[in-house]
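Visitor: Could you take me closely through the charged side chains of this model, and through the way in which they pair or stand apart? I would like the criteria spelled out as you go.

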Amino acid sequence: MSMSVTARLEALRKKSSIEHGRDYWVKRGESVDIEFDANFIENHKGVGKPNLAKMNDKMLQCGDKSDECCSSSQGIKSRSKEDLSDDLNSEIPDSLVGYSTLPSQVHRKAVRKGFEFVVLVVGETGLGKSTFINSLFMTDIYSDKGGNTSDQTKDIGTHSVVLREGGVKLSLTIVDTPGYGDALDNTECSEPVVEYVEKQFDKFLEAETRVKRVSLPDSRVHACLYFIAPSGHGLKRIDVEFMKRIHDKVNIIPVIGKADACTKEEIGLFKQKIMDQIKENEISIYQFPEEEENPEPSIMSKLPFAVVGSNAVVTNAAGHRVRGRSYPWGTVNIEDQAHCDFSLLRNLLLCQHMQDLKDVTNSIHYELYRSDKLSRLVYQNQEASMQKKPTTIMEDEQQEGFENVEKMENEMNEIFSKKVNEKIEKMRISEKEEDQNIEKQAQELNLEKSELDFKRHSYQKEKYDFEHSLSFNTNSLGRRKKYNFSVGLLKFGRQ
């Protein structure tokens, strides 16, 4: 388990305190012509600083009596630790203030923020670019919704995915090319790629030159994997023209796609021929930094990298399951450097030189583009100013001032119109809501009126029934008096 930052800081402070104490005793010893024993210094490290006045007084007192006591270091060496500790009255201050933990702080901030990496993949259709990228990052970056893995890339675009490994977040962007080299006339096939690269530079430059600068994601292309067909005849004319067109804007890494189509001897001769053509045409490719302590052969001697991509797991002749391709003559393990350079390229691109690729893009390619563009703008302005007369310049400035005023008026009118439209829209919405409320209230009133009418009708009906029943009872009572009915005496008829 690794030590915490606090534990490491305390250990460094203790070590620095010991070294500081040793230096202090030696300096004090030189000031009074005394040589201190190393064991004595080690035993008294960190105890404190000596009282120089007391030590000088004691040395002067014993100097007249015995030369052995002060002229040599034996007198000091023979003194007990208790006596010497009485002469020490102050502690040695810690010489470590904490800025040695800056790398840890930078590391924590970088991990919290995450990293960005943009890879441009260029090459003819059918060289296995999509399969290689999926194999390189061990994820399905090119998501095939239809499930057909043989679909070819037709339009230029970006595929973005966020990868996490060991607590580190990587925002990866893969820029794919539009059917590169498939047309009958490939004269302008590099233009979309160049325009995309320059557009990212312009976006970054615009963000830098604003009055209020904003932090944008770094969408500049950090690496260009240029796939070469395994023909064995060297670079084609289209390959040379494209790399010459873009080599000063991106870090070109030449790659031989589907290298299992050639034998080992053919790959060696093919690599040598390609590098000779690159040197002959003065094409600048990415120079992998060499490590002095690395005993292995130069990395540049491995260029271009012969790679094979595969997302399938197969069983080789030894019975081991590996990522590769099966053929009637055997199995190709893409992670075996004896078969191809896939693992070497992945190690160099992702494990060792990813940050260097970003640094070279920012400090060399972007700065070159930035300085060239700003220089051209300044030159154009100066040339235009030199060709104009002073009166013309004044007229132009006056006209520019009028245009600025007109522009401001248009902006103010646009803002005013926008505010008025917003107010009208709010009033329209409010009016609509009021109409809805009125309609709702009218419906409620109609419903309440209907209920009241129903209650009135019920009341009238009850009233009518009651009056009718009352009238019937009255008529019955009169008829009984008229005919003298007496139920109790059982008398009937008129009297």
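Guide: A residue is called buried when its relative accessible area is under 20%, exposed when that area is over 50%, and partly exposed in between, with a 1.4 Å probe and protein chains only. The model is a predicted one, in which local features need pLDDT of at least 70 and side-chain atom pairs count only at pLDDT 80 or more, whereas totals for chains, interfaces and linings use all residues. Residues are numbered from 1 along each chain as its sequence is written, and side-chain values use heavy atoms, with hydrogens and water left out.

Side chains of opposite charge can pair when their charged atoms come close. Taking a salt bridge as a side-chain nitrogen of Lys or Arg within 4 Å of a carboxyl oxygen of Asp or Glu, the structure holds 15 of them. One of these joins glutamate 124 to lysine 236, with 3.1 Å from N to O. This pair links distant parts of the chain, 112 residues apart: glutamate 124 belongs to the loop between strand S3 (115-122) and helix H8 (129-137), and lysine 236 to the loop between strand S6 (223-228) and helix H10 (237-246). Helices (H or I, at least four residues) and strands (E, at least two) are here DSSP runs, numbered from the N terminus. Glutamate 124 counts as buried at 17% relative accessibility, while lysine 236, at 36%, is partly exposed.

Aspartate 218 and arginine 220 form another salt bridge, their closest N and O atoms lying 2.8 Å apart. Here aspartate 218 is buried at 16% relative accessibility, and arginine 220 is buried as well, with a relative accessible area of 4%.

In helix H10, glutamate 241 and arginine 237 are 4 residues apart and so separated by about one helical turn; the two form a salt bridge whose closest N and O atoms are 2.7 Å apart. Glutamate 241 is partly exposed at 35%, whereas arginine 237 counts as exposed at 60%. Elsewhere, salt bridges that share partners join Glu198, Asp248 and Lys249 into one network.

Charges can also be followed outside such pairs. A patch is made of residues with over 30% relative accessible area and no salt bridge, like charges being joined within 9 Å and nonpolar side chains (Val, Leu, Ile, Met, Phe, Trp, Tyr) within 5 Å. On the surface, Arg108, Lys109, Arg112 and Lys113 gather in a patch of positive charge. Among them, arginine 108 lies in helix H7 (residues 102-113) and is partly exposed, with a relative accessible area of 44%.

Terms used: Accessible areas come from the Shrake-Rupley method with a 1.4 Å probe; for residues, only the protein chains shown count as cover. Lys and Arg count as positive and Asp and Glu as negative; His and the chain ends are not counted. The place of a charge is taken as NZ of Lys, CZ of Arg, CG of Asp or CD of Glu.
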